[in-house]
Amino acid sequence: MAENERDNDKLTTFEKTGIYRFEKSNAVFIDPVRVLNRHYTRFKLSPSAYYSRFFDSANSNSQSVCRKRKRKAKTTSRPLNEKEQLANQRHLEARVFMLKAHEDLLGNNDILEFLRNLRGDEAAEGASVEQSFVELGTVWQAHMYEITLNHCHGDRSNNESQNGGSCRIQSCEPKTFLLFENLVVNETSNDAEAIFLNNKYILPKESSFFMSDLGKIHNLIPADSDRGFNLIVIDPPWENSSARQKLKYQTLPNRFFLSLPIKKLSHTEGALVALWVTNREKLRAFVENELFPKWGVKYMATMYWLKVKADGLLIGDLDLFHHRPYECLLLGYCVKEAVYCDRYFGLKPIPDNQVFISIPGDYSRKPPIGGELLYDNLSISRQQHAPRQSAQYSYFLERC
């Protein structure tokens, strides 16, 4: 195949999937908006809604940069302690892969053109006021809150569905769920409009979510492990000074996550576990020496999320010690005791040091990587319901 045809095919695939795989590289570029919109039928997520920080005014951005520069100028150098030296060694090893990935991005005119045109896709929308479900979950009325889903039924031919055509709505059927400590499910093949406290939310087709505190996680353990999770993506509220200073969300001590029943949540044939971590060496040591062993997870590989701006440049200095422009995703397999020996010997190897690049969304929001990027690494059987359950589990841990 000619090079131009190959590039055109990759660009066409990117426009449909939101994922662009660089040639002969360990890196991929992700557009979270395109990835997420594949799961909607009647509604679409706008770039200005997802990239809200990117759509801020230029004056606000310039003021922020000035403050960061002043703070950096006051920093005095000092010798690194033992843990900082270990963290720096990890960084130097990963740095090679991220520099190569960033070089691939800057050398790809198609993706750079997409980034340059991102703001021009639509005018920036006014900031919406979001309801804090974390705060609502702590009030005494929490167990009485209900959310109403309007399940709309329509018809769409197979050709229309495959080509992203619109769906003709024939009827809408309301269904009410308890909001907290309850599985809220949209089992239909269409988006569902949800109403809560006069606010409207959209649930993608064939999706579900569960909101509760950490102590109620056992409610997600399936009665039949054949219907367990084969992909578990976890974004814990780790303790970190940045989140505490910005008052973005409440954090929990590391020891709280030792009690997560990962093995009981896993499918009979096991699960791929993906854990977001910060770049602190103390946390990495805790995960490797205590958390993964307690969960019954065998570490397999590390992926890196490299964050860039709309011009393709990194959001910060790659070597700035306490504010790296990347985050780490640790991958491991959790296998049931009954099949422990056979499964570990037959596991599909996971490529190490893969890099995925994107513009970040809201503070601490992770890109949607549960699709092709992680499922390609699954060697266990994949039942149709499992991806939906794993997505809701990630949401539960991310927000509570």
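Biologist: Which residues is Asn186 in contact with, leaving aside its neighbours within four places in sequence?
Modeller: Asn186 is in contact with Leu149, His151, Asp191, Ala192, Leu203, Pro204, Lys205, Glu206 and Ser207. Keep in mind that this is a predicted model.

Biologist: Is Asn186 buried or exposed?
Modeller: Buried, since its relative accessible area is 0% and the cut-off for buried is under 20%. Asn186 lies in strand β5, residues 183-186.

Biologist: What does the side chain of Asn186 reach, and at what distance?
Modeller: The backbone oxygen of Asn190, at 3.0 Å. There's also a polar contact of 2.7 Å between the side chains of Asn186 and Thr188.

Biologist: New topic. Which way do the residues of β2 point?
Modeller: In β2, residues 27-30, Ala27 and Phe29 point one way, while Val28 and Ile30 point the other way. All of them are buried.

Biologist: OK, and in what sense do β1 and β2 pair?
Modeller: Antiparallel, over three bridges, with β1 covering residues 19-21. Tyr20 is the residue opposite Phe29 of β2. The hairpin of these strands has five residues between them, and there Lys24 takes a positive phi near 50 degrees.

Biologist: In what sense does β2 pair with β13?
Modeller: That pairing is parallel, over three bridges, and β13 spans residues 354-358. Ala27 stands opposite Val355 in β13.

Biologist: Phe29 came up already. Which residues have the most contacts inside the largest nonpolar core?
Modeller: Phe29 is one of them, along with Trp238, Ile262, Leu275, Val287, Trp295 and Ile357. That core has 54 residues. Helix α11, residues 281-295, gives the most to it, with six residues.

Biologist: Is there a second core, or what else is there?
Modeller: There's a second, separate core of 21 residues, and Val233, Leu272, Tyr333 and Leu373 are among them.

Biologist: Back to Trp238: which residues is it in contact with, leaving aside neighbours within four places in sequence?
Modeller: Its contacts include Leu275, Trp276, Val277 and Thr278, as well as Leu283, Phe286, Val287 and Leu291. Thr251, Leu252, Asn254 and Phe257 are in contact with Trp238 too.

Biologist: Now helices. Which residues of α6 are buried?
Modeller: In α6, residues 109-116, the buried ones include Ile111, Leu112, Phe114 and Leu115. They cover an arc of only 155 degrees around the axis, so they sit on the same side of α6.

Biologist: Why do residues three or four places apart point the same way?
Modeller: Because an α-helix has 3.6 residues a turn.

Biologist: What does the face turned away from the buried side of α6 carry?
Modeller: The exposed residues Asn109 and Arg116.

Biologist: Which residue caps the N-terminal end of α6?
Modeller: Asn108 does, with a side-chain oxygen 3.2 Å from the backbone nitrogen of Asp110.

Biologist: Last one, the big picture. How many helices and strands are in the chain?
Modeller: The chain has 14 helices and 13 strands. Buried residues make up 42% of its 400 residues. Of the contacts between residues at least 6 apart in sequence, 73% join residues at least 24 apart.

Key
Residues numbered from 1 in each chain as written. Predicted model: local features only at pLDDT ≥ 70, side-chain atom pairs only at ≥ 80, totals over all residues. Heavy atoms only, no water. Buried < 20%, exposed > 50% of the residue type's maximum accessible area, 1.4 Å probe, protein only. Helix = DSSP H or I, 4+ residues; strand = E, 2+ residues; numbered from the N terminus. Pairing = 2+ DSSP bridges. Arc of directions from axis to C-beta. Polar contact = N/O pair within 3.5 Å; in protein donor to acceptor, adjacent residues only side chain to side chain. Contact = heavy atoms within 4.5 Å. Core = buried A, V, L, I, M, F, W, Y, C linked by side-chain atoms within 4.5 Å.
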